[in-house]
Amino acid sequence: MARKLMSTALKGRIGAVVFHRRVVFGIPFLWLLLFFLLPFALVLKISFSSAVMAIPPYEPVFSFVDNTFTVMVNFGNYLFLLSDSLYIAAYWGSVKIALVSTLVCLLIGYPMAYAMARASASTQMVLLLLVMLPSWTSFLIRVYAWMGILGNQGLLNNLLLWLGVTDEPLKMLNTNFAVILGIAYAYLPFMVLPIYTNLVKLDVRLLEAASDLGCRSLTTFWAITLPLSKAGIIAGSMLVFIPAVGEFVIPELLGGPDTLMIGKVLWEEFFNNRDWPVASSLAIVMLALLLIPIVLFHRFQARELEKNG
Amino acid sequence: MVRSRPVSFSKVMLILGLLFLYLPMVVLIVYSFNASRLVSVWAGFSTHWYGELFRDQQILSAVWMSLQIAFYSASMAVCLGTLCAFVMTRFKRLRGRTLLSSMITAPLVMPEVITGLSLLLLFVQMAQTIGWPVDRGMATVWIAHTTFCSAYVAVVVSARLKEVDRSMEEAAMDLGCTPWKTFFVITLPVILPALVSGWLLAFTLSLDDLVIASFVSGPGATTLPMVVFSSVRMGVSPKINALATLIILAVSLIAFIAWYLMRRSEVKRRES
């Protein structure tokens, strides 16, 4: 009797746990399915449609008229992207600018993270706050700050003129240089943080052993520190590179007419030309380009999330 | 001993890097007190532009709109993000878990133009199919912001959840506590600092978003970044400098509080 009671109680308990697990899992799962995954399917669908003057401004892809179900697939948008050199140039330009900015971030960010990881525990907390704080304040405002600095009448040109470095103001705003500087500035904290988290876990005894065995500090760095911080470098680079490829605000505010970046082109197709199908196909091609970096980042992130303690 | 030469190089880089991060903001703050309309000419100290700012009705209503959206988005994002963090850290074997973890980490890096466009297309399709939303506005921006903020909350909360000692939870469950009660009585107090800092992070992210809001918002809901952006496109303006100063100060304060909470709980944990 007692045993039977026990087993029903246990079954009830297990049943309750399973039910709770389903709820805990189900709510965010359904939300993300509806508001994250389904929208991508719609972008894909509409990229095969064609633009019309209507509300919404595209032809239906699936239609059900007179009991016949028709699928109208139009590859025209993709052919259009291929045929117009503007789009290919914009993709290439975005990748180039994002690569250079990521490299700049890495070159500035790695030594910063290294110095942070070597500081004393209490200094580390303060440094961490100092690096994170800018990434939490307004992105738009921080990009805007550079407009006042880089302009022809801006602070930097005034300084250069006063120092006598140049006789006339240098054109810095509205150039690719300004865009790269802006991206490096805005995304630097995202490069520093993952590298720092990685370096701080590095076993100092390895470095001491290498040093005791007569390894020079630079060799130690190349042979031990750098390879062991690879995961941090990859994560940081992906956190900078992927959003930078699709960046809109920075090329719009700091770039010039010759700055071709795909995020800006997509925005213009959507808001100025109201061509939703072309904007959608631009987004799909951009996603395809970014798929490998995104998968790399996701694998790193999943490992971080699952790792215990 | 590790020799100190490369360390001192990296120290110099750290200081230069921090200067690089902070100088532009300092310049912005200094120039917000400039009396001149021209940004490049210093014409004496003045708080004139702050007065102008507080008389600008359009900016004030956009601030209110943004604060409301940020509040609701952050609150919902904390609920969803915490649930996700639980699934990630506790449910090791569950079907669909990989898909969920992909969907929660992807928004961290997804270019904003793609997220914005895809959500807009969803809302348009929903309006056609089920008749909601009739007008895009606060509700659609709220949904969009909740979705991408949840990802950040999930990262912050799961970092904390991983370190929670589970023996207390197990003891409570063994003594007949239901999973929900165990969560509210045992787990919640322990991870509360992470929830607060996750909420604050989500709040600042929502407050700052321009691109996604531009896609999914309607004529009735203009957020602050949208107003700032349309003004900034025309060039530098002292009024925006004043607004920028206030935003930087406010967000720094929020961020500082979030950091302080995390740090205090960290110190407490180390002591115990």
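This is a predicted model: local features need pLDDT of at least 70, side-chain atom pairs count only at pLDDT 80 or more; totals for chains, interfaces and linings use all residues.
Residues are numbered from 1 along each chain as its sequence is written, chains are lettered from A and ligands numbered from 1 in the order in which they are written, and side-chain values use heavy atoms, with hydrogens and water left out.

**Stop 1: helix α5 of chain B**

Select residues 112–129 of chain B. Helices here are DSSP runs (H or I, at least four residues), numbered from the N terminus. Now show the surface: 14 of the 18 residues are buried (buried means under 20% relative accessible area, exposed over 50%, partly exposed in between, using a 1.4 Å probe and protein chains only).

Step past the helix to B:Gly131, where phi is positive, near 80°. Then look at the peptide bond from B:Trp132 to B:Pro133: it is cis, with omega near -5°. B:Pro133 sits in the loop between α5 and α6 (138–161) of chain B.

**Stop 2: the record for chain B**

UniProt, in an unreviewed entry, marks "transmembrane region" at several stretches of chain B, including 12–33 and 242–262. (Its positions are given in the numbering used here, feature names are shortened, and annotations may be inferred rather than shown by experiment.) Colour residues 12–33 of chain B: the span is 91% helix and 0% strand, with end C-alpha atoms 31 Å apart. Residues 242–262 of chain B are 100% helix, and their end C-alpha atoms also lie 31 Å apart.

**Stop 3: rings**

Show the side chains of Phe, Tyr and Trp. Rings (the six-membered one for Trp) pair if their centres lie within 6.5 Å; planes under 30 degrees apart are stacked, over 60 edge-to-face, and the rest tilted. That gives 32 aromatic pairs over all chains. One of them is A:Tyr110 with A:Phe221, edge-to-face at 5.8 Å centre to centre and 80° between the planes. A:Tyr110 is in helix α3 (residues 85–118) and A:Phe221 in helix α9 (residues 217–228) of chain A, 111 residues apart. A:Tyr110 counts as buried because its relative accessibility is 8%; A:Phe221, at 18%, is buried too.

Next, pick the ring cluster of A:Tyr58, A:Phe248, A:Trp267, A:Phe270, A:Phe271, A:Trp276, B:Phe215 and B:Phe229.

**Stop 4: charges over rings**

Which ring does A:Arg21 lie over? Select B:Phe91: A:Arg21 is over its face, 4.3 Å from the ring centre. (The rule asks for NZ of Lys or CZ of Arg within 6 Å of the ring centre and within 35 degrees of the ring normal.) In chain A, the charged end of A:Arg118 sits over the ring of A:Tyr114, 4.8 Å from its centre.

**Stop 5: two loops in chain A**

Finish at A:Asn174, in the loop between α6 (155–163) and α7 (176–200) of chain A. Its phi is positive, near 65°, though the residue isn't glycine. A:Arg274 is another non-glycine with positive phi, about 50°, and you'll find A:Arg274 in the loop between α12 (262–271) and α13 (276–306) of chain A. With a relative accessible area of 46%, A:Arg274 is partly exposed.
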